[in-house]
Amino acid sequence: MPVQHRWSEAAAREAVERYGAQGVSEALALRTYSARLLGADPQLVLHGGGNTSVKTTATGLLGESIPVLCVKGSGWDLATIEPPGHPAVRLEPLQALRALKRLSDEEMVAAQRQNLLDPAAPNPSVEALLHAFLPHTFVDHTHSTALLALADQAEAAAICREVYGDRVVLVPYVMPGFALAKACAAAYEAALAAGADPEGMVLLQHGLFSFGATAEQSYGRMIELVGQAEQALSRAERSLYAIALPERPIPAAALLPQLRGALGRAAVATGAPRRWILTLRDTPLTRAVVDDARLSDWATRGVATPDHVIRTKARPLVLGANPTLAQIEAALAAYTADYQAYFERQNGRVGGHKTMLDPLPRLIAVPGLGLIGVGRSAAEAAVTADIGEAWATTLLAAESIGRFEPVQETDTFAMEYWSLEQAKLGKAVEKPLARRVVLVTGGGGAIGAATARALAAQGAELALLDRDPDAAAAAAASCSPRALALACDLTDAAQVRGAIARVCAAFGGLDVVVSNAGAAWTGAIASLEDAALRASFELNFFSHQSVAQAAVAVWRLQDSSGDPGPGELSPSPLGGQLLFNISKQALNPGPDFGAYGISKAALLALMRQYALEEGRHGIRVNAINADRIRSGLLTDAMIKERSTARQLSEADYMGGNLLGQEVLASDVAEAFVALALLERTTGALLTVDGGNVAAMVR
């Protein structure tokens with residue numbers, strides 16, 4: 001879809017009033033409003049890309065007026081930026097830097113920080129000097145895919161000049177920083193001297209700038225310039241990925257766990273983290289690229305704009321159609337070897353002082369399937385996949401008018417190993433369960449939802465299954481925007497397999513299963529109807545077996561296609577963990593709870609059997625023994641009934657344990673988290689009941 005001019009005078013006024021109430025100037029309020037318009041369009045910028053600025057004044061401590069550049073700060077995304085995201089930097093000292101012949105990156109960052117009005121503000125953009133050296137009040141910078149299709153060409157200058165005439169300044173590719181800022185300022189001034197009145201600037205193989213006296217003018221020019229690029233692209237490009245494509249021949253749920261496991265084994269060999277989250281994009285656009293016979297050539301060309309290399313590396317890993325595990329592993333080995341050779345080649349060129357990043361691919365192309373983003377989290381994998389789609393869009397558009405030729409290896413390496421660019425990725429310490437995909441059954445109930453939230457707080461990626469889709473969705477929303485909620489009747493083995501397949505398709509695989517769902521059937525065992533006992537076993541035993549079988553099948557795919565022999569362990573396994581919610585009834589049966597207690601006793605035996613048989617595959621199997629937890633099983637009505645029958649207050653009934661305290665669903669959740677973190681524990685039954693002597697494990 002072509003970019004849309006979405007400026008609204010009413011919305012702009014509303015932003016001025018709203019931000020003005022916070023003490024923000026009109027200029028910065030409008031800067032924020034138009035920056036968000038740009039950031040909201042993925043055809044212009046993606047995930048922290050692009051930058052914007054406004055030149056205005058601020059009042060100093062002595063009441064003096066200080067000319068400042070309010071420029072996008074590091075860590076802010078244009079789509080959600082707020083006024084603090086454009087920190088104010090003293091303008092005149094920045095402009096004075098242009099007189100220097102050279103300025104190192106470290107000196108540039110220091111100079112920018114020294115001139116921040118608020119020393120606690122984020123670092124100004126690495127392109128702040130470019131904004132400062134241009135004379136315009138408002139300056140916008142995007143990585144428009146349409147513009148890049150023109151700018152990533154061997155004859156890019158001629159193509160852009162034909163499209164834009166003198167409306168833009170053309171600047172050959174220069175690494176961002178001081179040198180680029182000076183080159184852009186000189187090119188702009190040369191255009192003025194030649195009688196032109198440029199409205200924008202095309203940085204070849206990089207991106208697009210627009211500028212103006214007002215926020216609306218600069219924004220409008222950006223939209224118009226991108227619109228011209230779109231009009232210049234052939235209709236063949238648009239129709240290429242609008243066609244209907246055949247169904248994918250490869251089931252994602254089968255391939256992605258194998259791929260995830262192969263990535264883990266390759267990671268161990270290279271010293272990289274072994275767990276990764278995968279996100280599949282199988283749109284007509286991505287299929288048009290990955291199913292094309294030219295894919296192997298296209299994949300070697302490079303990124304659409306150098307900024308993307310820190311997310312996707314210089315090229316995707318290309319697999320064959322319907323790849324076998326051996327083919328996947330061979331392709332990964334070749335990819336990592338090529339990356340190491342690339343690093344050694346380029347590092348030697350710059351003096352050998354760089355430290356190699358991990359050599360694993362971040363984008364994987366599979367004919368018949370799509371593009372796969374690889375990340376430390378579901379959010380990061382989605383960012384990578386988004387940028388992969390932008391690459392595919394730019395590639396197809398560029399090929400429709402010529403040949404896609406972005407920057408080459410030397411410039412790509414410089415950007416990938418540029419410390420200022422690497423800072424965008426952040427160095428935050430990962431949470432204990434980061435990179436783990438966790439499935440919780442009965443996720444809409446009190447214990448399931450509490451457990452899911454506790455696991456999410458430790459960094460896990462969550463999928464929740466529940467018979468009630470609304471309850472599952474509500475619980476998932478309380479965990480994470482990317483948590484998956486699925487309706488599933490756990491007593492239907494086919495539904496269970498289908499749900500776990502959807503989890504694998506969404507995240508690339510599976511690491512932990514909290515098999516939590518259950519319900520109680522009451523009545524004296526001697527008079528209990530056969531149907532009730534069978535129903536109890538269907539949910540409280542056989543559904544857990546169905547979940548466990550389906551999960552183990554995924555873990556087999558993740559770890560290898562072979563089976564270790566007697567006494568052998570799976571090679572470098574990702575393994576897995578089964579966590580069962582059993583109940584004190586398995587150890588301390590109560591009257592009229594036979595259907596429940598017997599099925600739970602069978603579940604305890606099932607847990608131990610899986611621990612016995614699956615340890616050599618790196619699979620840990622543990623359980624929780626909980627008692628008297630307010631939930632769908634132990635309802636308020638049941639608590640009132642039982643406490644009355646025992647002539648106790650509800651508080652005394654719920655606190656009827658050695659600690660004299662009610663045990664909460666959150667306590668059970670914390671116990672599940674603790675078991676998930678115990679890397680050398682299997683076959684364990686952890687009691688969470690406040691102390692019940694009769695249910696103690698002997």
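Which strands does helix α21 (residues 493-507) lie across? Select α21 and you'll find β12 (437-441), β13 and β14 under it, with the helix running at about 160 degrees to β14. Contact here means heavy atoms within 4.5 Å. Angles run from 0 to 180 degrees between N-to-C directions, with axes fitted to C-alpha atoms, for helices over the stretch in contact. Helices (H or I, at least four residues) and strands (E, at least two) are DSSP runs, numbered from the N terminus.

Before moving on: this is a predicted model, where local features need pLDDT of at least 70 and side-chain atom pairs count only at pLDDT 80 or more, while totals for chains, interfaces and linings use all residues. Residues are numbered from 1 along each chain as its sequence is written, and side-chain values use heavy atoms, leaving out hydrogens and water.

**The parallel sheet.** Now show the strands in the order β14-β13-β12-β15-β16-β17-β18: an open sheet of 7, with parallel pairing. Two strands pair if DSSP finds at least two bridges between them. β14 (484-487) and β18 (685-688) are the edges; each has a single partner strand, so one side of each lacks a neighbour in the sheet. The twist averages 15 degrees from one strand to the next. Zoom in on β15 (residues 512-515) and β16 (residues 576-581), joined over 4 bridges; V512 has Q577 of β16 as its bridge partner.

**A helix pair.** Back to α21, this time with α11 (residues 252-270): the two pack at about 55 degrees with axes 8 Å apart. That makes α11 oblique to α21, oblique being whatever is left after under 35 degrees (roughly parallel), over 145 (roughly antiparallel) and 65 to 115 (roughly perpendicular). Show A252, A253, L256 and P257 of α11 against A501, C504 and A505 of α21 to see the contact.

**The mixed sheet.** Next, select β3-β2-β1-β4-β7-β6-β5, an open sheet of 7 strands with mixed pairing. Its twist averages 25 degrees from one strand to the next. β6 (residues 200-203) and β7 (residues 207-212) run antiparallel, joined by 4 bridges, and V202 stands opposite L208 in β7. Helix α9 packs on this sheet, touching β4, β5, β6 and β7.

**Last stop.** Where are the nonpolar residues with the most contacts inside the largest core? Pick W7, Y164, V202 and V289, in a core of 59 residues. Such a core is a set of buried (under 20% relative accessible area, 1.4 Å probe, protein chains only) Ala, Val, Leu, Ile, Met, Phe, Trp, Tyr and Cys residues joined through side-chain atoms within 4.5 Å.

Technical notes: Buried means under 20% relative accessible area, exposed over 50%, partly exposed in between (1.4 Å probe, protein chains only).
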